[in-house]
Amino acid sequence: MPRFSVIVPVYQVEEYLTECLDSVLGQSCPDFELIAVDDRSPDGCGALLDRAAARDERIRVLHLAANVGLGRARNAGLEVATGDYVIFLDSDDTLTPGLLQAVAERLKATADPDLLVYDYARSHWDGRVVRSASAPVFARPGPEVFDLDGRPDLLDLLMVVWNKAYRRGYLAEQGLTFPAGYYEDTPWTFPALLAAGRITLLDLVGVHYRQRREGGNILATATRRHFDVFDQYDRVFAFLDGRPDLDRWRPVIYGRMLDHLDTVVSRPGRIPPGDRREYFRRAAGHCARLRPAGHRRAPGVAGLRAELLSHGRFLTYHGLRVAARGRTALGRLTRGRG
């Protein structure tokens, strides 16, 4: 049984796939299996994976009969994983050199916790590599092993699955699987953090998160599939419904949900223009149903914007954003004249 199962779902990344695989195969810690899941990729990824597996016995390739999407492709890899710990890596990203060895040492020093969380850096197309804005969370002093009550600031991190090592037995105990649809990391990551009894941090950049010059990011594609975010948060709150011992986290998760819903609608190129009013109507109904007793809006403009969204105030929200852009443009003009 290997120490790590590294699961890589693969779809239309032929240009980047070799670099991704090499970042795993070149790790100084040899005790891993690499499970590559070909999600019926229409390019040459499947053949590339087969050639790589023929050269290296640590690679196992799964060819799915149909395209099932990122989350369910990860599920397919998880079903056959045998490692003590599971690490997910997207197929256009890379592990940093020495990550698995550093993770192995930290796990040993902390007696195999449920989760280990490490940091990431954005790797830009022009060569810049910029560590995440969450770096101070990892440097903050505190106990080596804790639960979320001891470090609630972990909920401020980007809610992604690929910055963690998960004890596979813990995943089985919690019955964690990925749903279909966009934002599939949301109903996985929140429950994984909330339910964990023992968590540790590794103050290290473990993943280079590729930022492409153009295209390649489904979340930057204008489509109604961004409405999936509502179903994903329904799954998070359904998890909380089944765990009354975690009910104290409901207001916190509600606040994080508001931030996320605001991000989805405010980022250009996500919600098609003709669907924005409907998104606000959905948000209003969604938030009314899930709003915890005693909820108070967050301070500042961001809090006001989220509150307007949660009540479906489309025109006021839009006016606020137009005014903010105007102030920004005026400030730039004034500074330029000075």
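Modeller: Let us begin with a definition: a contact means that heavy atoms lie within 4.5 Å. Please keep in mind throughout that this is a predicted model.

Colleague: What covers the buried residues of α1?

Modeller: The cover of the buried residues of α1 includes the strands β1 (4-10), β2 (32-38), β3 (59-63), β5 (94-95) and β9 (199-211), together with the helix α2 (45-55). The buried residues themselves are Y16, L17, C20, L21, S23, V24 and L25.

Colleague: How do you know that the length of α1 is close to what is expected?

Modeller: Helix α1, residues 14-25, has twelve residues, and from its first C-alpha to its last it reaches 17 Å, which is close to the 16 Å expected at 1.5 Å a residue.

Colleague: What makes β2 a mostly covered strand?

Modeller: Buried means under 20% relative accessible area, and seven of the seven residues of β2 are buried. Both faces are covered, with F32, L34, A36 and D38 buried on one side and E33, I35 and V37 buried on the other.

Colleague: How do you know that β1 and β2 pair?

Modeller: Two strands pair if there are at least two bridges between them, and β1 and β2 have seven bridges, in the parallel sense. Within this pairing, L34 in β2 is the bridge partner of V6.

Colleague: Why are α8 and α9 called roughly antiparallel?

Modeller: Helix α8 (residues 228-241) and helix α9 (residues 250-266) pack at an angle of about 175°, with their axes 11 Å apart. Angles over 145 degrees count as roughly antiparallel, and α8 and α9 are therefore described in that way. Among the residues making the contact are F230, Y233 and F237 of α8 and I253, M257 and L261 of α9. The residues of this contact divide into eleven nonpolar, one polar and three charged.

Colleague: Why is Y183 called buried, and why is D112 called partly exposed?

Modeller: Y183, in the loop between α6 (168-174) and α7 (186-195), has a relative accessible area of 7%, which is under the 20% cut-off, so this residue counts as buried. D112, in the loop between α4 (99-109) and β6 (115-124), has a relative accessible area of 30%, which falls between 20% and 50%, so D112 counts as partly exposed.

Colleague: What is the phi of Y183, and what is the phi of D112?

Modeller: Y183 has a positive phi of about 60° although it is not a glycine, while the phi of D112 is near 55°, a positive value in a residue other than glycine.

Key
Residues are numbered from 1 along each chain as its sequence is written. This is a predicted model: local features need pLDDT of at least 70, side-chain atom pairs count only at pLDDT 80 or more; totals for chains, interfaces and linings use all residues. Side-chain values use heavy atoms; hydrogens and water are left out. Axes are lines fitted to C-alpha atoms, for helices over the stretch in contact, and angles run from 0 to 180 degrees between N-to-C directions. Helices (H or I, at least four residues) and strands (E, at least two) are DSSP runs, numbered from the N terminus. Angles under 35 degrees count as roughly parallel, over 145 as roughly antiparallel, 65 to 115 as roughly perpendicular and the rest as oblique. Ala, Val, Leu, Ile, Met, Phe, Trp, Tyr, Cys and Pro count as nonpolar, Asp, Glu, Lys and Arg as charged, and the others, Gly among them, as polar. The expected span of a helix is 1.5 Å times one less than its number of residues. Buried means under 20% relative accessible area, exposed over 50%, partly exposed in between (1.4 Å probe, protein chains only).
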